[in-house]
Amino acid sequence: MRIDVVSLFPDFIERCAGFGVTGRARERGLVSLHAWNPRDYAEGNYRKVDDRTFGGGPGMVMLVEPLRRCLAAMRRADPQPAHVVHLSPQGRRLDQRKVRELAARPRLALLCGRYEGVDERLVQAEVDEELSIGDYVLSGGELAAAVVVDAVARLQDGALNDAASAAQDSFEDGLLDCPHYSHPVEHPYGTVPEVLRSGNHAAIARWRRQQALGRTWERRPDLLAGRDLSRQDAALLEAYLRGRDG
Ligand SMILES: COc1ccccc1CNc1ccc(C(N)=O)cn1
C-alpha cells in the first residue's frame, strides 16, 4: 500500500517509520511512504502556512490554500485515489477494527495538523474521515499519523513473522494479550508458570486463553461488554476469577 503524509515536518514520519517491522515492510516494498510539506506550496518568501483565527482568540490555523495545493500535488503523483484521513482530537477513536479497514486500502493520505488545527473548509472539501488516537491534545498530528502508519504497515501480508502475527491475533479477537515469559525459569522476580514448560500445547493454549479473558475482565471490561462468551470461554473466565479470589 501507498501512504502519503502531509506534514510541516516531513522527516518526522520518515524517521518514525524507519525502524523494526515498519522499516522492514518498507524495505520489502509492502508499504511505500511519501511525505508532502504544505510549506512547499505556500506563497510569498515567508511561505506562510498559518494565520490568525477569525473570531479572535489564541492560536493560529493552517491556511486552506497551501494545503489545497499540496493535496493536489499529492493526488497528481499517483493515479490511485487516496483515502484522506485527518488526525485530530475531534476524530472518531482509532481502534484495531478501523486499523484493519485502513490497512486493506491501496492508498492512504494522512493529514497532520499543527497549531490549533486546519481551516474547516479544507477538512470539509478534502478529508474523507477524521481519526483520533486518544482523548488528548498533541502539538501536531504527526505522532498520531506515525501510530496509523505503524499499525497498518504491520498488517500488510509478509510484514510480521509467525510469532509476531500470533501476538497480533490476540488483539484481533478483541481480547488483551496473555502474559509472556522467557529465560531464566527461576528468578528473584518469580518463576515461569509450570504449564508453559509442560509441552502440553492444548493446556498451554487453554492457559493463554484463560489469562487473556481474565486480564480483559480485570482491566478492560468494556471490551467484554455486549460480547457473548462461548461456554468454554465463560468456564475459563470463571475458573480464573475463582482462582484469583481463592
Ligand atoms: C490542537 O491540535 C490539533 C487540532 C486539530 C487538528 C489537529 C491538531 C494536532 N494535534 C493533535 C492531532 C491529533 C490528536 C489525536 N488525539 O489523535 C491530538 N492532537
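**Exercise 1.** In this predicted model, determine how the residues of the shell around the ligand divide into nonpolar, polar and charged.

*Solution.* The shell around the ligand divides into 8 nonpolar residues, 9 polar residues and 1 charged residue. Next, consider where these residues come from: strand S5, residues 83–93, gives the most to the shell, with 5 residues. Finally, of the 18 residues around the ligand, those that come nearest are Ser132, Ile133, Gly134, Tyr136 and Leu138.

**Exercise 2.** Identify the N or O atoms of Ser132, Gly134 and Leu138 that lie by a nitrogen atom of the ligand, and state how much of the ligand the protein buries.

*Solution.* A polar contact requires a pair of N or O atoms within 3.5 Å. For Ser132, an N or O atom in the side chain is 3.2 Å from a nitrogen atom of the ligand. For Gly134, a backbone N or O atom lies 2.8 Å from a ligand nitrogen atom. For Leu138, a backbone N or O atom likewise lies 2.8 Å from a nitrogen atom of the ligand. Taken alone, the ligand exposes 440 Å², of which the protein buries 94%.

**Exercise 3.** Locate the pocket in which the ligand sits and describe its lining.

*Solution.* The ligand sits in the second largest pocket, which holds about 430 Å³ of space. Among its 25 lining residues, Leu87, Ser88, Pro89, Gln90 and Gly117 are the closest to the centre. The elements giving two or more residues to this lining are S5, helix H5 (120–126) and strand S7 (129–132); the largest share, 5 residues, comes from S5. By type, the lining divides into 11 nonpolar, 10 polar and 4 charged residues.

Key. Residues numbered from 1 in each chain as written. Predicted model: local features only at pLDDT ≥ 70, side-chain atom pairs only at ≥ 80, totals over all residues. Heavy atoms only, no water. Near = heavy atom within 4 Å. Polar contact = N/O pair within 3.5 Å; in protein donor to acceptor, adjacent residues only side chain to side chain. Areas by Shrake-Rupley, 256 points an atom, 1.4 Å probe, with all protein chains shown as cover. 1 Å grid on protein atoms, 1.4 Å probe; cavity = no way out; pocket = protein on both sides within 12 Å on 5 of 7 lines; lining within 4 Å. Sits in = over half its atoms within 2 Å of the grid points. Helix = DSSP H or I, 4+ residues; strand = E, 2+ residues; numbered from the N terminus. Nonpolar A, V, L, I, M, F, W, Y, C, P; charged D, E, K, R; others polar. Points joined across faces, edges and corners; volume = space filled by probe spheres on them.
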